[in-house]
Amino acid sequence: MPNERQRQIEALIEKYEKTVYKLAYSYLRNKQDADDIYQEVFLRYFRNKPEFAGEEHEKAWFIRTTVNCCKNLCTSSWFRRTAPLEENALGDEAVYVPQEQSELFTAVMALPTKYRTVVHLFYYEGYSVREIAELTGEKATTVTTRLNRARAKLRDALTGMETVCAKL
């Protein structure tokens, strides 16, 4: 029996680990905090053992819980009183280097949190504007506005990078 339960747990984690981790990292821009959120989300799942109507409901629960955990971390007094370490302070082995080392990834990570979240859910997770509104608790028009503003900011940032690269 323990083997069957362990396989179910491993299958669930494998199914949602990338979604949870990428969303946490895009929200927090910090590997260590994303690791903490990743653990917290799965701990909440195993503690609460929620029942789901279907696979989409289950995925929505993981996304909503990840966003809520990230928001809770950002509003905690501990988080507000800490300062980020300089990247080289931990040494080269501890610095997270995402696989997507592109100008676009860098530009997306430079966006404010409210824009990064909707961009991640829309482009990386494939949710519609209506679904993102339900997941984040925002109005659909707010999500549309944030997507449009994020696109404009990305366009400006990437155009600026092309100009700089052309001068070199």
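Visitor: What is the mean pLDDT of the protein chain, and which helix has the highest value?
Guide: The chain has a mean pLDDT of 80, and 79% of its residues reach 70 or more. Helix α2 (residues 31-48) has the highest mean among the elements, 91, while helix α4 (residues 77-80) has the lowest, 62.

Visitor: Where is the pLDDT below 50?
Guide: One such stretch is residues 87-97, which has seven contacts in the model beyond near neighbours in sequence. Where pLDDT is low, the predicted coordinates should not be read in detail.

Visitor: How do you know that the span of α2 agrees with its 18 residues?
Guide: At 1.5 Å a residue the helix should span 26 Å, and its end C-alpha atoms are 26 Å apart, so the two agree.

Visitor: What puts the buried residues of α2 on the same side?
Guide: The buried residues are Asp-33, Ala-34, Ile-37, Val-41, Phe-42 and Tyr-45. They cover an arc of only 165° around the axis, and therefore lie on the same side of α2.

Visitor: What makes Asn-30 a cap of α2?
Guide: A side-chain oxygen of Asn-30 lies 2.8 Å from the backbone nitrogen of Gln-32, at the N-terminal end of the helix.

Visitor: Why is Cys-69 called buried?
Guide: Buried means under 20% relative accessible area. Cys-69 has 4%, so the residue counts as buried. Cys-70, at 0%, is buried too.

How values were computed
Residues are numbered from 1 along each chain as its sequence is written. Side-chain values use heavy atoms; hydrogens and water are left out. pLDDT is the predictor's confidence in each residue, from 0 to 100. Helices (H or I, at least four residues) and strands (E, at least two) are DSSP runs, numbered from the N terminus. Contact means heavy atoms within 4.5 Å. The expected span of a helix is 1.5 Å times one less than its number of residues. Buried means under 20% relative accessible area, exposed over 50%, partly exposed in between (1.4 Å probe, protein chains only). The arc is that of the directions from the helix axis to the C-beta atoms. A polar contact is a pair of N or O atoms within 3.5 Å; within protein, one must be able to donate a hydrogen and the other to accept it, and residues adjacent in sequence count only if both atoms are side-chain atoms.
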